[in-house]
Amino acid sequence: MRVTVFGTGYVGLVQGTMLAEVGHEVVCVDVDADKIARLEQGIIPIFEPGLEGLVKENHAAGRLSFTTDAARAVAHGDIQFIAVGTPPDEDGSADLQYVLKVAETIAEQMEAHRIIVDKSTVPVGTADRVRARVDEVLKARGREELTFDVVSNPEFLKEGSAVADCQKPDRIIIGTEDEDSVEMMRELYAPFSRQHEKIIVMDVRSAELTKYAANCMLATKISFMNEIANLAERLGADIEAVRQGIGSDPRIGYHFIYPGVGYGGSCFPKDVQALIRTADEIDFDAKVLKAVEARNAKQKTTLFAKIRDHFGGELAGRTFALWGLAFKPNTDDMREAPSRVLMEALWQAGARVQAYDPEAMEETQRLYGHRDELSLFGTKEAALKGADALVIVTEWQSFRAPNFELINSQLAQPVLFDGRNIYDPARMARYGFTYYSVGRLPPE
Ligand code: NAD
């Protein structure tokens with residue numbers, strides 16, 4: 001099938017590549033000419049495990065091409081995916097300007113029936129707005145006879161495992177009432193739904209809400225566990241024991257119940273906020289979602305509070321080694337990352353940061369390269385030298401079993417703040433560290 005994908009970010013590039021991999025002919029279009037030029041040369045703008053080889057193979061095989069030429073892109077695909085960003089507006093609601101711009105572009109260029117698919121995460125009612133915008137442009141062109149459908153097909157991939165998630169999705173949501181569109185979408189996704197039926201067809205508004213409900217449920221699990229971790233810390237209980245204890249109940253399960261330093265990334269924070277704004281617009285007080293967001297904002301400050309308290313509020317002139325800058329492992333994405341809140345608080349207090357991350361160094365350089373209070377190092381060990389403490393912010397695999405003797409010898413003081421509970425408190429005590437973690441008892 002012939003497919004066009006607008007937007008070559010985490011979603012558009014991965015989805016476009018996976019559709020090409022199963023044999024579809026895919027054109028990816030972006031307004032960022034630089035990105036497109038680099039993709040043409042096989043330079044992948046994001047870090048996503050397994051993606052580079054697949055992009056190169058499918059590009060070489062002629063099934064995947066890149067362009068900035070909207071006319072060519074709209075002429076190509078019977079199915080036109082919108083996979084552009086929907087960042088938060090000033091009031092937290094989803095900014096739909098990029099989505100509606102693509103709708104406009106498609107309407108300006110189309111010469112035959114098109115299925116327009118919202119893959120971006122968009123509030124309930126957006127498909128209606130896309131439809132209205134396309135109608136408006138077609139009318140202005142005097143081409144009202146051209147037909148189209150707008151389908152909601154939200155994306156559930158996770159950064160860090162995006163390729164695998166697209167290869168083996170848990171479910172494929174298709175929101176439309178048009179039988180022909182359903183048939184086309186079924187054919188498109190058939191290669192991904194072979195083992196068992198994964199396609200769930202529903203009305204557009206339910207499909208749009210499904211995406212927000214999924215992300216808000218996951219964010220709720222995290223904020224809930226962070227709340228219990230705060231209680232555990234104050235009540236003399238151990239959140240790790242509690243986590244194991246509740247996870248064993250299959251109704252709860254072990255997934256996504258790890259306490260930490262708060263959720264970040266480009267999705268959970270903005271999607272929780274956007275659903276709160278959607279609720280506000282219809283005068284519904286989304287109490288649970290507001291609490292989830294408030295707990296998360298507070299949780300992102302807890303690591304700093306522990307550091308400040310340990311040093312008696314005297315942080316000016318101190319240096320902290322930070323391991324982990326990306327908002328989670330296996331990505332270079334730093335949008336809304338807890339590391340940013342921590343670094344900015346440390347700088348505000350007059351401290352310096354020596355940081356290392358396996359993938360997010362370039363992004364950190366782009367964001368904070370101008371700050372003298374930040375030094376970036378090529379290895380995790382090099383970032384330790386002379387620091388007053390080590391702070392673990394992201395739970396990368398390569399941080400899980402480090403050489404603790406080396407850490408101890410490199411730090412000016414053996415103090416370790418673990419924002420992800422990746423070490424054992426008793427073992428840390430044996431290595432001579434003063435060790436802080438999240439919601440756990442200090443060693444005897
Ligand atoms: P991104 O910011 O990484 O990429 C968006 C791309 O769209 C950019 O390359 C930008 O240049 C391009 N773009 C903007 N306007 C354009 C236009 N008019 N024509 C063509 N290209 C245009 O965004 P992302 O992370 O891929 O997210 C895209 C959407 O998918 C968002 O709504 C997001 O909420 C949703 N989503 C993201 C994830 C994730 O993990 N990143 C997961 C599921 C859903």
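The model is a predicted one, in which local features need pLDDT of at least 70 and side-chain atom pairs count only at pLDDT 80 or more, while totals for chains, interfaces and linings use all residues. Residue numbers start from 1 along each chain as its sequence is written.

- Helices (H or I, at least four residues) and strands (E, at least two) are DSSP runs, numbered from the N terminus.

**Six-stranded sheet**

- Six strands form an open sheet with parallel pairing, in the order E11-E10-E9-E12-E13-E14. Strand E11 (374-376) and strand E14 (434-436) are at the edges with a single partner strand each, so one side of each has no neighbour in the sheet.
- From one strand to the next, the twist averages 20 degrees.
- Strand E10 (residues 352-356) pairs with E11 in the parallel sense over three bridges, where two strands pair if DSSP finds at least two bridges between them. Val353 is opposite Leu374 in E11.

**Helices across the sheet**

- Helix H13 (residues 302-310) lies across strand E12 (389-392), strand E13 (415-418) and E14, and runs at about 160 degrees to E13. Axes are lines fitted to C-alpha atoms, for helices over the stretch in contact, and angles run from 0 to 180 degrees between N-to-C directions; contact requires C-beta atoms, placed from the backbone, within 7 Å.
- Helix H14 (residues 338-348) lies across strand E9 (319-323), E10 and E11, at about 175 degrees to E9.

**Positive phi in loops**

- Most residues other than glycine have a negative phi.
- Phe256, in the loop between helix H10 (239-247) and helix H11 (268-281), has a positive phi near 60 degrees. Phe256 is partly exposed, with 15 other C-beta atoms within 10 Å; buried means 20 or more such atoms, exposed 12 or fewer, and partly exposed in between, with C-beta atoms placed from the backbone.
- Asp283, in the loop between H11 and helix H12 (287-299), has a positive phi near 55 degrees. Asp283 counts as exposed because 6 C-beta neighbours lie inside 10 Å.

How values were computed
Two residues are in contact if their C-beta atoms, placed from the backbone, lie within 7 Å.
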